[in-house]
Amino acid sequence: MPTERRRIPVPRSLLGRMLLLTLLAVLFAQALSSVIWVSQLRATQLEGLVTSARSLAHSMTASVSYFRSLPVAYRPLVLDQLRSMGGTRFVVTLNDKPLDMQILPQTPRKQAVLGAVDEVLRQTLGSDVHFSVEFVSAEDLRIFNAGLKLDELPRSWAHYALTLEPVNPPVLVTQIELGAGEWLYIASLLPEPYTSLEEQGLPSQQVWFIVLTSGFLLLFIGLLVHWQSRPLKRLARAARDLSLGADVEPVAEGGGSEVVEVGRAFNAMRERISRYLTERSQLFSAISTTCAPRSHACGCAWSCWKMKSCKPSSAVTWMSWNCWSRARCSASRTPISTRTSSRWTSIMCSTVWWSRTWRPMAMGG
C-alpha cells in the first residue's frame with residue numbers, strides 16, 4: 001500500500017501563516033546577523049589580544065634587561081623589596097632551574113598569545129637565549145625553587161597579582177635563563193578584558209536584544225494582519241449569506257487598496273444579482289397578469305411548453321401567435337410605466353411560438 005506523506009503542520013488562518021513566515025524570516029535574519037557579528041567580534045578580540053600580548057612581552061624583556069644590569073648579589077635584595085612593596089604587575093623570582101608545571105590545553109587564542117610573546121622575546125633577547133612560555137592554571141602554579149603553591153604564600157606576595165576572583169584566569173608563566181643555574185621566573189595575568197582566553201558565544205545582552213526585537217516585530221505584524229484581515233472576514237460572511245439567498249447589506253469598503261477593490265467589486269456584483277432577481281420577478285408577474293386573463297389559450301400553451309407535455313400543432317402555433325399579438329396590442333394601449341413588462345411578455349410568447357413550431361421543423365420533426 002502506498003504510504004501517505006506526512007505534511008508539515010501549517011496554520012490555516014492568514015494571521016497564523018503570516019506570523020509563521022515572519023518568525024522564520026526574523027530567526028533567519030537574526031541568526032545570520034549574529035554569526036557575522038560574533039565572527040567580527042572574535043576577530044577584533046583576537047587582534048586586541050595579540051596586541052596586549054606583545055605589550056606584555058615587551059614589559060618582560062624590560063624586566064630581564066633590568067635584572068641583567070644588576071650585580072648578582074643585588075638581585076635577591078631587589079626581589080625582596082618588590083615583594084614587600086607589593087602592587088607589581090608581575091610575580092618575579094630567581095630559581096636554580098626551570099619549574100615543571102601542568103600546562104593547560106592549547107586553544108587558538110592561547111597559541112596566538114604564546115606565538116606573539118615568543119616572537120617578541122626572540123627579537124629582543126636573541127635566539128640563543130633559552131626560555132619557555134606557557135599557560136598554567138592558578139591551582140597548578142608553582143613558585144620558588146621549593147615549588148610552593150599559590151595558597152602556601154602570603155597573600156600580599158602573589159595573590160593580588162595572579163588571582164582575579166571569582167574568575168579563574170590562566171596564568172602566563174615565562175622562565176628565562178639569565179646565566180648558568182639562574183632562571184628568571186615571571187608570572188602574570190593578561191590585561192583586561194583578555195583575562196579569559198576562552199571563546200565565548202553570544203553575550204546575554206545580545207540574546208535579550210534578539211528576543212525583544214523579535215517579540216515586538218511579531219506583535220506589530222500580528223496586529224497589522226488582524227487589522228487587514230477584518231474586511232476579508234466581513235466579505236466572506238456576506239458572500240456566504242448571499243449564496244444562501246439572504247438579503248445582504250452592502251459590505252463596508254475598508255482596509256488596504258486591494259481589499260477595498262475587492263469589496264467594491266463584491267458590492268457591484270451584489271447589485272447586479274439583486275437587479276437580475278427583481279427583473280425576473282417582474283417578468284413572471286407580467287406574464288401572469290397580461291397573457292393569462294386575456295387569452296386562456298396562451299396560458300395553456302405556456303403551461304404545455306413549460307411542462308414539456310405537448311407536441312407542436314397548428315393550435316399551439318395559433319395560440320402562441322395570438323398571445324404574441326394580444327401582448328403587442330395591449331402594450332400599445334398600456335401606459336408607459338407598464339410597457340416594459342408587456343414587451344417582455346411579447347418576447348416570451350414569441351419564444352413559445354418559435355419553440356413549438358419552427359424548432360421541431362428545423363430538427364426534422
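Author: pLDDT is the predictor's confidence in each residue, from 0 to 100. This is a predicted model, where local features need pLDDT of at least 70 and side-chain atom pairs count only at pLDDT 80 or more, while totals for chains, interfaces and linings use all residues. Residues are numbered from 1 along each chain as its sequence is written, and side-chain values use heavy atoms, leaving out hydrogens and water. The chain has a mean pLDDT of 75, and 76% of its residues reach 70 or more. Residues 324–342 have a pLDDT below 50, yet this stretch has 18 contacts in the model beyond near neighbours in sequence. A contact means heavy atoms within 4.5 Å. Where pLDDT is low, the predicted coordinates should not be read in detail.

The chain has 9 helices and 4 strands. These are DSSP runs, numbered from the N terminus: helices are H or I, at least four residues, and strands are E, at least two. Of the 365 residues, 34% count as buried. Buried means under 20% relative accessible area, exposed over 50%, and partly exposed in between (1.4 Å probe, protein chains only).

The part to look at is helix 3. Helix 3 covers residues 108–125, which makes 18 residues. From its first C-alpha to its last it reaches 26 Å, close to the 26 Å expected at 1.5 Å a residue. That expected span is 1.5 Å times one less than the number of residues. Its buried residues include Arg109, Lys110, Val113, Leu114, Val117 and Leu121. After the helix comes Gly126, with a positive phi near 105 degrees.

What does the buried side of helix 3 pack against? Its partners are helix 1 (14–69), strand 2 (131–136) and strand 3. Take Val113. Not counting residues up to four places away in sequence, Val113 touches Leu49, Ala53, Phe135, Leu190 and Leu197. Val113 also belongs to the largest nonpolar core, which has 31 residues. Such a core is a set of buried Ala, Val, Leu, Ile, Met, Phe, Trp, Tyr and Cys residues joined through side-chain atoms within 4.5 Å. Phe67, Val113, Val117 and Leu172 touch the most other members. Helix 3 is one of the elements that each supply at least two residues of this core; strand 3 and strand 4 (182–188) are also among them. In soluble globular proteins, nonpolar side chains tend to be buried together.

Now follow Leu121 into strand 3. Leu121 is among the contacts of Thr174, with Ser132, Val133 and Tyr185 also on that list. Thr174 sits in strand 3 (residues 171–179). Thr174 is buried, with a relative accessible area of 0%.

Strand 3 leads on to strand 4. The two run antiparallel and are joined by 7 bridges. Strands pair if DSSP finds at least two bridges between them. Val173 has Ala187 of strand 4 as its bridge partner. The two strands form a hairpin with 2 residues between them, and Gly181 in the turn has a positive phi of about 70 degrees. Strand 4 also pairs with strand 1 (residues 91–95), in the antiparallel sense, over 5 bridges. Val91 stands opposite Ala187 there. 7 of the 7 residues of strand 4 are buried, so the rest of the structure largely encloses it.
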